[in-house]
Amino acid sequence: MNGERGFIMSRNIIVGQSGGPTSVINSSLAGVFQAAKDLGASKIYGMRNGIEGLLNEQYIDMTDYLKTAMDVEILKRTPSAFLGSCRFKLPAVEKSPETYDKIIEVLRKLDIQHFFYIGGNDSMDTIKQLSEYAADKNITDITFMGVPKTIDNDLAVTDHTPGYGSAAKYIGTTIKELSRDAVVQPIDIVTIVEIMGRNAGWLTAAAALAKGDDCEGADLIYLPETVFDIDKFLAKVEEIHKTKRQVLVAVSEGVKTADGKYVCEAAATNMKVDSFGHKQLSGTASALANVIGDKFGWKTRPIEFSTIQRCASHIGSLTDVNEAFLVGGQVVKAAFEGATGKVGIYVRVSNKPYMMNTDIYDVKAIANVEKTVPQEWIINDGTYVSQEAIDYMSPLIQGEITPYMVNGLPKHIKL
Ligand code: F6P
């Protein structure tokens, strides 16, 4: 190595996965691996459990696991994070310089020239901190790059995020299937489906995809971008019940009442908080089902999609899987060309036909920023989403990923 990135003869890279997994985070990992290999990387390391594992010197040589093209294809079809994940917030440099010294020490030991982190807005904080530290200490021979990921679709700048399309496809599909089941008996019943996404309603909006010629879909859709009023909610359900006895509601896990409290907080006894300060949200559907049951005495069915929506790779979107692979590779290419402190992004060129490009963008504009659903896309007094929202989501769920079936079940790869 002569110190100039353009002339580095052999390069080692390391890649980690962080935050909540998705159906396609492994497709991005496969994209990073494949591009690094094709561009001549000597060693391709994977951090075990993200930066937390790296600090404990836990890593693998990925070529020990991905030996054939088929292994890479299976990785693309395997949900969750192959390398393991973490929710670990790097302390500020002033508070813990030794943390940064340790990271650089491990990277030096492995002779790493390129560091990649696949994650959402919290995880991009790690790239921001490390790239700023490197700039500060004049460490010019290691690049730090982010690969986007999150089912929540709440990353700034990028048109959408890898992982969102597959989760949205699962939500649209399952709401359709539930629509059939919810009306099966001639009784009064309110089915309430709770959908992930924290403070952004992109995933819950995907419930609207279910509506079509063959499906009435959800009657009410509540996003966290508007204040949730329990009395108004009860009145809406009562109004719909006048024309049909079975009501289907999709609600975000992150809906809050006017006092700023999550609806699920009222029912929670011990709410866990992660290192980024996020409360673990769960129980919204049950809380609302109780309120409905108490008020009207009807049967209720609370359903929490929970982690199923982010690992249902059997119903993954082919568009999502392919884009996730592509952006992983593009970020590697950019890093090999010298970029650092950047995150891969999607740029939508057109909706019909759907065309998308990738690019890279300054991590400072992306780390720790939450992008929410535009207010103008939320209609009917905060109980549904607009056609524009549907047009935005629709291309992202197109195409089916075919799992490799073994003995009747999808084949996965694991450490
Ligand atoms: O950030 C992705 C996400 O799936 C959110 O939608 C959800 O609130 C959160 O992760 C759950 O995180 P965990 O699995 O760590 O409880």
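**Close-up views of the predicted model**

View 1. A polar backbone atom of Gly 197 is 3.1 Å from an oxygen atom of the ligand. Such a polar contact is a pair of N or O atoms within 3.5 Å. The protein buries 80% of the 400 Å² that the ligand exposes when taken alone. Accessible areas come from the Shrake-Rupley method with a 1.4 Å probe. The model is predicted: local features need pLDDT of at least 70, side-chain atom pairs count only at pLDDT 80 or more, and totals for chains, interfaces and linings use all residues. Residues are numbered from 1 along each chain as its sequence is written, and side-chain values use heavy atoms, with hydrogens and water left out.

**View 2. Side chains of Arg 87 and Asp 152 at the ligand.** An N or O atom in the Asp 152 side chain is 2.6 Å from a ligand oxygen. For the Arg 87 side chain, the distance from an N or O atom to a ligand oxygen is 2.9 Å.

**View 3. The shell around the ligand.** Arg 87, Ile 151, Asp 152, Met 196, Gly 197, Arg 198, Glu 253 and Arg 310 surround the ligand; each has a heavy atom within 4 Å of it. The shell divides into 5 charged, 2 nonpolar and 1 polar residues. Gly counts as polar here.

**View 4. Phe 115 and Phe 144 form a tilted aromatic pair.** Their ring centres are 5.3 Å apart, with 50° between the planes. Rings pair if their centres lie within 6.5 Å; planes under 30 degrees apart count as stacked, over 60 as edge-to-face and the rest as tilted. Phe 115 lies in strand S4 (residues 112-119) and Phe 144 in strand S5 (residues 143-148), 29 residues apart. Strands are DSSP runs of at least two residues, helices of at least four.

**View 5. A cis peptide bond joins Lys 352 and Pro 353.** Omega is about 0°. Pro 353 sits in the loop between strand S10 (342-350) and strand S11 (355-362).

Conventions. A polar contact is a pair of N or O atoms within 3.5 Å; within protein, one must be able to donate a hydrogen and the other to accept it, and residues adjacent in sequence count only if both atoms are side-chain atoms. Rings of Phe, Tyr and Trp (its six-membered ring) pair if their centres lie within 6.5 Å; planes under 30 degrees apart count as stacked, over 60 as edge-to-face and the rest as tilted.
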